[in-house]
Amino acid sequence: MINNGFTTVSSENIRHLTGPQKAAILMGELGIYGSQEIIKLLSEKELAKLRKTMKYLGKPIIREEANVLTEVNKIGVSRNLTTPVTTTTEEYKAMLNPKSKTIQDILKSDTDAIASVLKAWISEE
């Protein structure tokens, strides 16, 4: 069972997230300040798709958020932008901290890297 602060669900209830859903979750994790720089790099079409997805996504459970952040961390590590997050505890700490060093490191060092991940996810069907 997983508790996301509001709902307890079994791991079988974790949705398979589409690319646009991952992008929406990541934008939510970046918050208003982190996402401002990213928004400048997205096209109107990409922003429209992202807004629509955010509207219908609903509240993701904590494991979905952690999975998205873990995927972003792996991309950051592969591009030498950040260090690996290696344990579930670290994943949760990184996800729950609004100033997540992992994502903030990538965002500060290479905004284009985050934007390219978002663009790729948004374009998935």
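Reader: Which helix is Lys22 found in, and what makes a stretch a helix here?

Author: Lys22 is found in helix α1. A helix is a DSSP run (H or I, at least four residues), a strand is a DSSP run too (E, at least two), and both are numbered from the N terminus. Bear in mind that the model is predicted: local features need pLDDT of at least 70, side-chain atom pairs count only at pLDDT 80 or more, and totals for chains, interfaces and linings use all residues. Residues are numbered from 1 along each chain as its sequence is written, and side-chain values use heavy atoms, with hydrogens and water left out.

Reader: It's a lysine, though. Why is Lys22 called buried?

Author: Buried means under 20% relative accessible area, exposed means over 50%, and partly exposed is in between (1.4 Å probe, protein chains only). Lys22 has a relative accessible area of 17%, so it counts as buried.

Reader: And what does Lys22 touch?

Author: Setting aside residues up to four places away in sequence, Lys22 touches Leu17, Val68, Glu71 and Trp121. Touching, or contact, means heavy atoms within 4.5 Å.

Reader: What about Ser35: why is that one called buried?

Author: Ser35 also lies in helix α1. Its relative accessibility is 8%, so by the cut-off it is buried. Leaving out neighbours within four places in sequence, Ser35 is in contact with Met27 and Leu30. In the fold, Ser35 and Thr111 sit 9.7 Å apart, C-alpha to C-alpha, though 76 residues separate them in sequence.

Reader: Is His16 buried or exposed, and how do you know?

Author: His16, in the loop between β2 (8-9) and α1, has a relative accessible area of 73%, which puts it over the exposed cut-off.

Reader: How do you know that the span of α3 agrees with a helix of its length?

Author: The expected span is 1.5 Å times one less than the number of residues. For α3 (residues 62-78), with 17 residues, that should give 24 Å, and the end C-alpha atoms are 24 Å apart, so the span agrees. Helix α6 (residues 111-123) passes too: its 13 residues should span 18 Å, and its ends are 18 Å apart.

Reader: Back to α3. Why does Thr70 count as buried, and what does its side chain reach?

Author: Thr70 has its place in helix α3, and its 16% relative accessibility makes it buried, because that is under the cut-off. Its side chain reaches the backbone oxygen of Ala66 at 2.8 Å. Ala66 is on the buried list of α3 as well, along with Val68, Leu69 and Val72, among others. Just after α3, Asn80 takes a positive phi of about 55 degrees.

Reader: What makes you say that the buried residues of α2 line one face?

Author: Those buried residues are Glu46, Leu47, Leu50, Thr53 and Leu57. Seen down the axis of α2, they fall within an arc of 130 degrees (taken from the directions from the helix axis to the C-beta atoms), so they line one face. The face turned away from the buried side carries exposed residues: Glu44, Lys45, Lys52, Lys55 and Tyr56. Just after α2, Gly58 has a positive phi of about 80 degrees.

Reader: What makes a set of residues a nonpolar core, and which residues have the most contacts inside the largest one?

Author: A core is a set of buried Ala, Val, Leu, Ile, Met, Phe, Trp, Tyr and Cys residues joined through side-chain atoms within 4.5 Å. The largest one has 20 residues, and Leu26, Ile38, Leu50, Ile114, Leu118 and Trp121 have the most contacts inside it. At least two residues come from each of α1 (19-39), α2 (44-57), α3 and α6, with α1 giving the most, seven. Leu50 touches Pro20, Ala23, Ala24, Met27, Leu42 and Ile122, not counting residues up to four places away in sequence. In α6, the buried residues include Ile114, Leu118 and Trp121.

Reader: Zooming out, how many helices and strands does the chain have, and how much of it is buried?

Author: There are six helices and two strands, running β-β-α-α-α-α-α-α from the N terminus. Of the 125 residues, 44% count as buried. Among contacts between residues at least 6 apart in sequence, 77% join residues at least 24 apart.

Notes:
A polar contact is a pair of N or O atoms within 3.5 Å; within protein, one must be able to donate a hydrogen and the other to accept it, and residues adjacent in sequence count only if both atoms are side-chain atoms.
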